[in-house]
Amino acid sequence: MALIGVRAEGDTSAIAKALDAFSDIDYLVVTAGSFDLICEVVVEDDAALLALTNRIRTVPGIRSTETFIYLSLMKQTYAWGTR
């Protein structure tokens, strides 16, 4: 698993739509802050992660990516909705 931060220029909705078509991206959000979008991915190995990041970088409007590889998943909860 990895988290990929995406810095973009232009219409983030169009970029998000393009990234939504990537089957290896499980979670995709448009954000504020240092990254314009964040993708959570699950891939088979490092080679697959490299191939995915190279594909992501070909999407028009993407300026750069930064990948955070998960070394150990310490906690994951599914508590959807508002409180």
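How many residues does the largest nonpolar core have, and which of them have the most contacts inside it?

Guide: Happy to. A word on the ground rules comes before the tour. This is a predicted model, so local features need pLDDT of at least 70 and side-chain atom pairs count only at pLDDT 80 or more, while totals for chains, interfaces and linings use all residues. Residues are numbered from 1 along each chain as its sequence is written, and side-chain values use heavy atoms, with hydrogens and water left out.

Now to your question. The largest nonpolar core has 17 residues, and Ile4, Leu19, Val41 and Ile56 have the most contacts inside it. A nonpolar core here is a set of buried Ala, Val, Leu, Ile, Met, Phe, Trp, Tyr and Cys residues joined through side-chain atoms within 4.5 Å. Buried means under 20% relative accessible area, exposed means over 50%, and partly exposed is in between (1.4 Å probe, protein chains only). At least two residues of this core come from each of strand 1, helix 1 (12-20), strand 3 and helix 2. Strand 1 gives the largest share, 4 residues. Helices (H or I, at least four residues) and strands (E, at least two) are DSSP runs, numbered from the N terminus.

Of its 7 residues, 5 are buried, so the strand is largely enclosed by the rest of the structure. On strand pairing, the rule is that DSSP finds at least two bridges between the two strands. Strand 1 pairs with strand 3 (residues 37-41) in the antiparallel sense over 5 bridges, and Ala2 stands opposite Val41 there. With strand 4 (residues 62-69), strand 1 also pairs in the antiparallel sense, over 7 bridges; Ile4 has Thr67 as its bridge partner in that strand.

Strand 3 has a further antiparallel partner in strand 2 (residues 25-30), joined to it by 5 bridges. Ile25 stands opposite Val41 in this pairing. The two strands form a hairpin with 6 residues between them, and in the turn Gly33 has a positive phi of about 120 degrees.

Setting aside residues up to four places away in sequence, Leu19 touches Ile25, Leu28, Leu37, Cys39, Ile56, Val59 and Ile62, where contact means heavy atoms within 4.5 Å. Thr12, also in helix 1, counts as partly exposed at 23% relative accessibility.

The structure holds 2 salt bridges, each defined as a side-chain nitrogen of Lys or Arg within 4 Å of a carboxyl oxygen of Asp or Glu. In one, Arg7 meets Glu66, with the closest N and O atoms 3.7 Å apart. Arg7 lies in strand 1 and Glu66 in strand 4, so this pair ties together parts that are 59 residues apart in sequence. Arg7 is partly exposed at 24% relative accessibility, and Glu66 is partly exposed at 33%.

The side chains of Arg55 and Asp24 also meet in a salt bridge, at 2.9 Å from N to O. This pair links distant parts of the chain: Arg55 sits in helix 2 and Asp24 in the loop between helix 1 and strand 2, 31 residues apart. Arg55 is partly exposed at 39% relative accessibility, whereas Asp24 is buried at 18%.

Finally, the outside. Arg63, in strand 4, is exposed, with a relative accessible area of 53%. Met1, Val42 and Leu73 make a nonpolar surface patch of about 250 Å². Patches are made of residues with over 30% relative accessible area and no salt bridge, with like charges joined within 9 Å and nonpolar side chains (Val, Leu, Ile, Met, Phe, Trp, Tyr) within 5 Å; areas come from the Shrake-Rupley method with a 1.4 Å probe, and for residues only the protein chains shown count as cover. Val42 lies in the loop between strand 3 and helix 2 (46-56) and is partly exposed at 45%. Leu73, in the segment after strand 4, is partly exposed at 48%.
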